[in-house]
Amino acid sequence: NATFINNSPFSFHRSTTTTTTTTSLYQINFVKLHYIQQFSCSTLEFLFNLSLDQMSAICSRSSLNFRGKMAEILPLLNNHQDEADEELQQQQQLVSEKISSRRIASLDVFRGLSIFLMVLVDYAGSSLPVIAHSPWNGLHLADFVMPLFLFAAGISLAIVYKKIENKYEATRKAIVRAAELFLLGVFLQGGYLHGITSLTYGVDVERIRLLGILQRIAIGYIAAAVCEIWLSRQTCQKAAFFRNYIWHWCAVFFLSAIYIGLTYGLYVADWQFEDLNSFSSLMSENGSTIHTVKCSIRGDLGPACNAAGMIDRYVLGINHLYQKPVYRNLKECNISKGGQVPESSPSWCYAPFEPEGILSSLTASVACIIGLQYGHILTELQGHKDRLCNWSLMSILLLILGSLLALIGIPLNKSLYTISYLLVTSAASGITFCALYLLVDVYGWRRVAFVLEWMGKHSLSIFILVTSNLIVIAIQGFYWKSPANNIIYWIVSHIVQK
């Protein structure tokens, strides 16, 4: 028995293996008894010199008794064998579920890397323009932060909704979660908090910013969650993820088609806006400056006459947009070191613009759905090699397609979240996740990235502290003799402003 158990491929399941061994030995013993019975008949014929008819009668009765006993016992053995096989399958399924439900450390490291890059570009971007957001077209380090957040949210959704018992309850929880993120984003980035230069707070509701980083993540989250909950999975081959989730990809093409149609199909007329913060010869009676932007164009992707800005101005209102758009760093605007736009600059340099606007949220949702597909590979494949191969293949395809679109004239633009930008940054997110998965989960270099893993586990808390500047304000509260003599003021005056 010991030899049989040690040679068994399921030797780690001792109870199941012992049962299987006992059943097999019973079957072997019955075979032996059958041969013994035949040998006994031959022995009787040799010893007692019985006649052929007598010998046949005795052996026939013996054979009938043996077969009767076998008929009674074999069904019991078969039932016992079926129970053993079922128990073995259950144990294997439990082991598989335990492995698949294990927390993926590389995902936490990936989130931590996203938070670290956000902090880096927020506080060092003013002194290092090469890592700050690109003024309009092009890619800088800061332009990869938002796609990383959306990609991580998509992977997390595949893990959370791997098994859905009640679709309506799952949808309700997803809506509540998205609403919480949206409202938190309005509080943090709506203008209620005034930053490190002022300890005051409060905002005019007529000028509150409605969209932002968390709001965009919330929109992408709910779009991907609806796809995962309500768009059924096909029953094709396990590795054919494109065919298995064909309805998810239909949603991707549908949202992309709407984005392309509105971006290139909407006619943008001339528009005007009031600027309360500048003074020029165009002063109106209420003390504000009226600017006119000449457009009368369709399909323009510039900062002045794009369809995304027009939709935000009509739907949200120009007073609820981001008041310091990044395109003011373009050479045309000729912005000063103090952040002032000279009167000689084009009129659109004074205009607000929402980089997390309504139209660009369509392609941002697509980025989250693409991350969801990477999550499907993570939850449905157990082997490291299979996961890495599928992730790498998808990333390479996205990168090639995005590069081709950029070459034919669709610019890489974060503010508009163009299709080429969507594909290239999603590919970069996938490649980054592959590298972290290989280092952390395959090679086991978890201790090297423990700081990023901790930041990933507390990503939302760190985001709140950084966005609200609570840490900076707390440090700023400690000064020497005068409130101006604090380390934050010294860093801003000697490093950032220089």
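Of the 498 residues in the chain, 43% are buried, where buried means under 20% relative accessible area, exposed means over 50% and partly exposed lies in between, taken with a 1.4 Å probe and protein chains only. This is a predicted model, in which local features need pLDDT of at least 70 and side-chain atom pairs count only at pLDDT 80 or more, while totals for chains, interfaces and linings use all residues. Residues are numbered from 1 along each chain as its sequence is written, and side-chain values use heavy atoms, with hydrogens and water left out.

**The whole chain**

Begin with a cartoon view, in which the secondary structure comes to 17 helices and six strands; these are DSSP runs numbered from the N terminus, with helices (H or I) of at least four residues and strands (E) of at least two. If you switch to a surface, the chain exposes about 27,700 Å², of which carbon and sulfur atoms supply 63%, the areas coming from the Shrake-Rupley method with a 1.4 Å probe. Among the contacts (heavy atoms within 4.5 Å) with a separation of 6 or more, 70% are between residues 24 or more positions apart.

**The nonpolar core**

Next, select Tyr161, Val293, Trp348, Tyr374, Trp391 and Tyr417, which have the most contacts inside the largest nonpolar core, a set of 103 residues. Such a core consists of buried Ala, Val, Leu, Ile, Met, Phe, Trp, Tyr and Cys residues joined through side-chain atoms within 4.5 Å. The core lies between domain 1 (103-256 + 364-496) and domain 2 (268-350), because both give residues to it; the domain bounds come from an automatic or database domain assignment.

Centre the view on Tyr161, which, leaving aside neighbours within four places in sequence, is in contact with Ala170, Ala174, Tyr221, Ala225, Glu228 and Ile229. Then move to Tyr417, found in the loop between helix H12 (384-407) and helix H13 (419-442), where it is buried with a relative accessible area of 0%. Tyr417 has a positive phi of about 50° although it is not a glycine. Most residues other than glycine have a negative phi.

**Aromatic pairs**

Now show the rings of Phe, Tyr and Trp (its six-membered ring), which pair if their centres lie within 6.5 Å, with planes under 30 degrees apart counted as stacked, over 60 as edge-to-face and the rest as tilted. By this rule there are 15 aromatic pairs. One of them joins Tyr168 and Trp230 edge-to-face, at 5.3 Å centre to centre and 75° between the planes. Tyr168 lies in helix H6 (residues 167-189) and Trp230 in helix H7 (residues 213-230), so the pair ties together parts that are 62 residues apart in sequence. Tyr168 is exposed at 65% relative accessible area, whereas Trp230 is partly exposed at 36%.

Select Tyr327 and Trp348 for another edge-to-face pair, at 5.5 Å centre to centre with 65° between the planes. Both residues are in the loop between helix H10 (307-315) and helix H11 (358-380), 21 residues apart, and both are buried. Elsewhere, Phe110, Phe151, Tyr374, Trp391, Phe433 and Tyr437 are linked by ring pairs into a cluster.

Colour H10, of whose nine residues seven are buried, namely Ala307, Ala308, Gly309, Met310, Ile311, Asp312 and Arg313. Their cover includes helix H9 (246-265), strand E1 (267-268), strand E2 (271-275) and H11. Arg313 lies over the face of Trp271, at 3.6 Å from the ring centre; the rule asks for NZ of Lys or CZ of Arg within 6 Å of the ring centre and within 35 degrees of the ring normal.

In H9, select Gly265, which is partly exposed at 34% relative accessibility. Gly265 and Ala307 are 42 residues apart in sequence, and their C-alpha atoms are 8.5 Å apart in space.

**Two last stops**

Ser296 sits in the loop between strand E3 (289-293) and strand E4 (297-298) and is partly exposed, with a relative accessible area of 40%. Although Ser296 is not a glycine, its phi is positive, at about 50°.

Finish at Ala105, which lies in helix H4 (residues 105-124) and is buried at 3% relative accessibility. Ala105 touches Val440, Asp441, Arg446 and Glu453, not counting residues up to four places away in sequence. The C-alpha atoms of Ala105 and Arg446 are separated by 7.6 Å, although the two residues are 341 residues apart along the chain.
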